[in-house]
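The exercises below are to be worked with the sequence and the model side by side. Try each task before reading its solution.

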Amino acid sequence: MYTFVMEDVLKGVFIYVPPGYVACVYDLGRGVLKKVLAPGLHLKIPFWQKAKLFNTQTLEYSITRDFNPSNERAMGDIPIAAVTQDGKRIAVEGTILLRLDIHQIPAIWQTIGEDFVAKIIRPTVRSRIRMVASRYDKDKLMGAQRDAVETDLKNELERILYSRGIYVENVLLSEIANIQEYARTATAE
(Lines give C-alpha, C1' and ligand atoms only; values in the text may rest on other atoms or scores of the structure.)
Protein backbone atom coordinates (compact mmCIF):
# COMPACT_ATOMS: atom_id res chain seq x y z
CA MET A 1 0.00 0.00 0.00
CA TYR A 2 2.81 2.39 0.92
CA THR A 3 4.65 1.88 -2.40
CA PHE A 4 1.41 2.30 -4.35
CA VAL A 5 0.73 5.67 -2.70
CA MET A 6 4.34 6.85 -3.12
CA GLU A 7 4.42 5.85 -6.79
CA ASP A 8 1.07 7.55 -7.44
CA VAL A 9 2.16 10.76 -5.69
CA LEU A 10 5.61 10.80 -7.33
CA LYS A 11 4.11 10.36 -10.79
CA GLY A 12 1.87 13.31 -10.02
CA VAL A 13 4.84 15.49 -9.01
CA PHE A 14 7.01 15.06 -12.11
CA ILE A 15 6.41 15.95 -15.73
CA TYR A 16 8.79 14.32 -18.19
CA VAL A 17 8.87 16.16 -21.52
CA PRO A 18 10.69 14.20 -24.26
CA PRO A 19 12.69 15.85 -27.07
CA GLY A 20 10.51 17.31 -29.81
CA TYR A 21 7.67 18.06 -27.40
CA VAL A 22 6.66 20.79 -24.98
CA ALA A 23 4.21 20.62 -22.09
CA CYS A 24 1.46 23.01 -21.12
CA VAL A 25 0.15 23.03 -17.58
CA TYR A 26 -3.46 23.50 -16.53
CA ASP A 27 -3.72 24.84 -12.98
CA LEU A 28 -7.07 24.50 -11.19
CA GLY A 29 -6.68 28.00 -9.75
CA ARG A 30 -5.17 29.93 -12.66
CA GLY A 31 -6.26 27.99 -15.77
CA VAL A 32 -3.83 27.25 -18.60
CA LEU A 33 -0.43 28.67 -17.65
CA LYS A 34 1.31 30.80 -20.28
CA LYS A 35 4.71 29.25 -19.56
CA VAL A 36 5.60 26.31 -21.80
CA LEU A 37 7.79 23.57 -20.35
CA ALA A 38 10.74 22.61 -22.59
CA PRO A 39 12.11 19.06 -22.86
CA GLY A 40 13.37 17.72 -19.55
CA LEU A 41 12.04 16.88 -16.11
CA HIS A 42 9.77 19.40 -14.36
CA LEU A 43 7.81 19.60 -11.13
CA LYS A 44 4.08 20.19 -10.75
CA ILE A 45 1.59 20.16 -7.91
CA PRO A 46 -0.09 16.74 -7.79
CA PHE A 47 -3.90 16.71 -8.07
CA TRP A 48 -3.87 20.51 -8.65
CA GLN A 49 -2.02 20.77 -11.96
CA LYS A 50 -2.35 18.66 -15.09
CA ALA A 51 0.15 18.61 -17.93
CA LYS A 52 -0.49 18.05 -21.62
CA LEU A 53 2.24 17.23 -24.13
CA PHE A 54 2.27 18.87 -27.57
CA ASN A 55 4.43 17.79 -30.50
CA THR A 56 6.60 20.64 -31.80
CA GLN A 57 8.25 18.63 -34.56
CA THR A 58 7.21 18.95 -38.19
CA LEU A 59 3.79 17.34 -38.57
CA GLU A 60 2.81 15.63 -41.79
CA TYR A 61 -0.77 16.27 -42.91
CA SER A 62 -1.29 13.67 -45.66
CA ILE A 63 -4.12 13.94 -48.16
CA THR A 64 -4.37 10.43 -49.57
CA ARG A 65 -6.76 7.64 -50.52
CA ASP A 66 -5.38 5.52 -47.66
CA PHE A 67 -6.61 7.94 -44.98
CA ASN A 68 -9.27 6.66 -42.59
CA PRO A 69 -11.79 9.51 -42.05
CA SER A 70 -13.38 7.83 -39.03
CA ASN A 71 -10.54 9.12 -36.80
CA GLU A 72 -11.21 12.88 -36.59
CA ARG A 73 -8.00 13.66 -34.69
CA ALA A 74 -5.74 11.97 -37.23
CA MET A 75 -3.43 14.25 -39.20
CA GLY A 76 -4.73 13.92 -42.73
CA ASP A 77 -7.67 13.76 -45.07
CA ILE A 78 -9.14 11.91 -48.04
CA PRO A 79 -8.46 13.35 -51.54
CA ILE A 80 -10.09 16.75 -51.83
CA ALA A 81 -12.56 17.34 -54.64
CA ALA A 82 -12.34 20.70 -56.38
CA VAL A 83 -13.50 22.44 -59.55
CA THR A 84 -10.93 24.15 -61.77
CA GLN A 85 -11.31 27.50 -63.52
CA ASP A 86 -12.34 25.72 -66.73
CA GLY A 87 -15.07 23.75 -64.90
CA LYS A 88 -13.31 20.36 -64.62
CA ARG A 89 -13.86 18.29 -61.45
CA ILE A 90 -10.58 17.09 -59.96
CA ALA A 91 -9.32 15.36 -56.82
CA VAL A 92 -6.15 16.55 -55.10
CA GLU A 93 -3.68 14.47 -53.08
CA GLY A 94 -0.53 15.68 -51.36
CA THR A 95 1.24 16.46 -48.12
CA ILE A 96 1.28 19.62 -46.05
CA LEU A 97 4.08 20.05 -43.53
CA LEU A 98 2.98 21.95 -40.41
CA ARG A 99 4.51 22.93 -37.08
CA LEU A 100 3.01 24.41 -33.92
CA ASP A 101 4.41 27.71 -32.62
CA ILE A 102 5.86 26.88 -29.21
CA HIS A 103 4.92 30.24 -27.72
CA GLN A 104 1.29 30.05 -28.85
CA ILE A 105 0.57 26.48 -27.70
CA PRO A 106 -1.10 27.59 -24.43
CA ALA A 107 -3.44 29.84 -26.45
CA ILE A 108 -4.17 27.00 -28.90
CA TRP A 109 -5.01 24.65 -26.01
CA GLN A 110 -7.20 27.23 -24.28
CA THR A 111 -9.06 28.69 -27.27
CA ILE A 112 -9.22 25.77 -29.72
CA GLY A 113 -8.53 22.66 -27.63
CA GLU A 114 -6.70 19.42 -28.28
CA ASP A 115 -8.65 18.64 -31.45
CA PHE A 116 -7.26 21.58 -33.45
CA VAL A 117 -6.88 19.30 -36.49
CA ALA A 118 -10.63 18.71 -36.85
CA LYS A 119 -11.58 22.26 -35.87
CA ILE A 120 -9.01 24.36 -37.71
CA ILE A 121 -6.57 22.51 -39.98
CA ARG A 122 -8.86 20.16 -41.94
CA PRO A 123 -11.56 22.74 -42.82
CA THR A 124 -8.93 25.35 -43.73
CA VAL A 125 -6.97 22.94 -45.96
CA ARG A 126 -10.14 21.81 -47.75
CA SER A 127 -11.33 25.38 -48.31
CA ARG A 128 -7.98 26.74 -49.51
CA ILE A 129 -7.30 23.83 -51.88
CA ARG A 130 -10.72 24.34 -53.50
CA MET A 131 -10.16 28.09 -53.73
CA VAL A 132 -6.67 27.82 -55.26
CA ALA A 133 -7.79 25.10 -57.71
CA SER A 134 -10.57 27.39 -58.95
CA ARG A 135 -7.92 29.93 -60.04
CA TYR A 136 -6.22 27.60 -62.51
CA ASP A 137 -7.18 25.58 -65.58
CA LYS A 138 -6.88 21.81 -65.21
CA ASP A 139 -3.96 21.59 -67.67
CA LYS A 140 -1.99 24.22 -65.74
CA LEU A 141 -2.69 22.47 -62.42
CA MET A 142 -1.41 19.18 -63.77
CA GLY A 143 1.43 20.64 -65.81
CA ALA A 144 4.10 23.29 -65.72
CA GLN A 145 2.51 25.60 -63.16
CA ARG A 146 2.37 23.02 -60.37
CA ASP A 147 5.08 24.79 -58.35
CA ALA A 148 3.15 28.07 -58.63
CA VAL A 149 0.04 26.27 -57.38
CA GLU A 150 1.98 24.87 -54.40
CA THR A 151 3.36 28.33 -53.56
CA ASP A 152 -0.08 29.93 -53.92
CA LEU A 153 -1.61 27.27 -51.67
CA LYS A 154 1.15 27.67 -49.06
CA ASN A 155 0.58 31.44 -48.96
CA GLU A 156 -3.20 31.00 -48.55
CA LEU A 157 -2.77 28.45 -45.74
CA GLU A 158 -0.19 30.63 -43.96
CA ARG A 159 -2.50 33.64 -44.12
CA ILE A 160 -5.10 31.80 -42.04
CA LEU A 161 -3.10 29.37 -39.89
CA TYR A 162 -0.15 31.59 -38.89
CA SER A 163 -2.25 33.87 -36.68
CA ARG A 164 -3.56 30.76 -34.88
CA GLY A 165 -0.05 29.55 -34.02
CA ILE A 166 0.42 27.00 -36.81
CA TYR A 167 3.33 27.37 -39.25
CA VAL A 168 3.01 26.00 -42.77
CA GLU A 169 6.48 24.76 -43.71
CA ASN A 170 5.68 23.39 -47.16
CA VAL A 171 2.92 22.18 -49.47
CA LEU A 172 3.72 19.21 -51.70
CA LEU A 173 1.08 18.10 -54.20
CA SER A 174 1.52 14.48 -55.23
CA GLU A 175 -1.42 13.79 -57.53
CA ILE A 176 -4.11 15.79 -59.27
CA ALA A 177 -6.52 13.69 -61.29
CA ASN A 178 -10.04 13.64 -62.70
CA ILE A 179 -12.58 12.83 -60.02
CA GLN A 180 -13.86 9.95 -62.20
CA GLU A 181 -10.47 8.21 -61.92
CA TYR A 182 -10.85 8.14 -58.15
CA ALA A 183 -14.32 6.66 -58.46
CA ARG A 184 -13.00 3.91 -60.78
CA THR A 185 -10.13 2.97 -58.44
CA ALA A 186 -12.47 2.93 -55.43
CA THR A 187 -14.86 0.48 -57.11
CA ALA A 188 -11.96 -1.68 -58.37
CA GLU A 189 -10.56 -2.10 -54.85
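**Exercise 1.** The model is predicted. Decide whether Thr-84 is buried or exposed, and find where Thr-84 lies and what Thr-84 touches.

Solution. Begin with the accessible area: Thr-84 has a relative accessible area of 4%. The cut-off for buried is under 20%, so Thr-84 counts as buried. Finally, list the contacts, leaving out residues up to four places away in sequence: Thr-84 touches Ile-90, Ala-133, Ser-134, Tyr-136, Asp-137, Lys-138 and Leu-141.

**Exercise 2.** Describe strand β8 (residues 80-83) and how β8 is joined to strand β9 (residues 89-100).

Solution. Take the side chains of β8 in turn; they alternate along the strand. Ile-80 and Ala-82 point to one face and are buried. Now look across to β9: four bridges join the two strands, which run antiparallel. Ala-81 stands opposite Ala-91 in β9. The hairpin has five residues between the strands, and Gly-87 takes a positive phi near 85° there.

**Exercise 3.** In what order do the three strands of the open sheet stand, and which strands are at the edges?

Solution. Strands of a sheet pair through backbone hydrogen bonds, either parallel or antiparallel. Here the order is β3-β2-β5, with antiparallel pairing. β3 (31-32) and β5 (49-55) each have a single partner strand, so they stand at the edges and one side of each is left without a neighbour in the sheet. For the pair of β2 (residues 21-27) and β3, count the bridges: there are two. As an example of partners, Asp-27 is bridged to Gly-31 in β3.

**Exercise 4.** Describe how helix α3 (residues 116-133) crosses helix α5 (residues 146-161), and which kinds of residue make up their contact.

Solution. Two packed helices are described by the angle between their axes and the distance between the axes. The axes of α3 and α5 come within 10 Å and cross at roughly 140°. That angle makes α3 oblique to α5. The crossing is right-handed. On the α3 side, the residues in contact include Ile-120, Val-125 and Ile-129; on the α5 side, they include Val-149, Leu-153 and Leu-157. Sorted by kind, the residues of this contact are ten nonpolar, one polar and four charged.

Notes. Residues numbered from 1 in each chain as written. Predicted model: local features only at pLDDT ≥ 70, side-chain atom pairs only at ≥ 80, totals over all residues. Heavy atoms only, no water. Pairing = 2+ DSSP bridges. Axes fitted to C-alpha atoms, helices over the stretch in contact; angles between N-to-C directions. Parallel < 35°, antiparallel > 145°, perpendicular 65-115°, else oblique. Left-handed = near helix turned anticlockwise from the far one by under 90°. Contact = heavy atoms within 4.5 Å. Nonpolar A, V, L, I, M, F, W, Y, C, P; charged D, E, K, R; others polar. Buried < 20%, exposed > 50% of the residue type's maximum accessible area, 1.4 Å probe, protein only.
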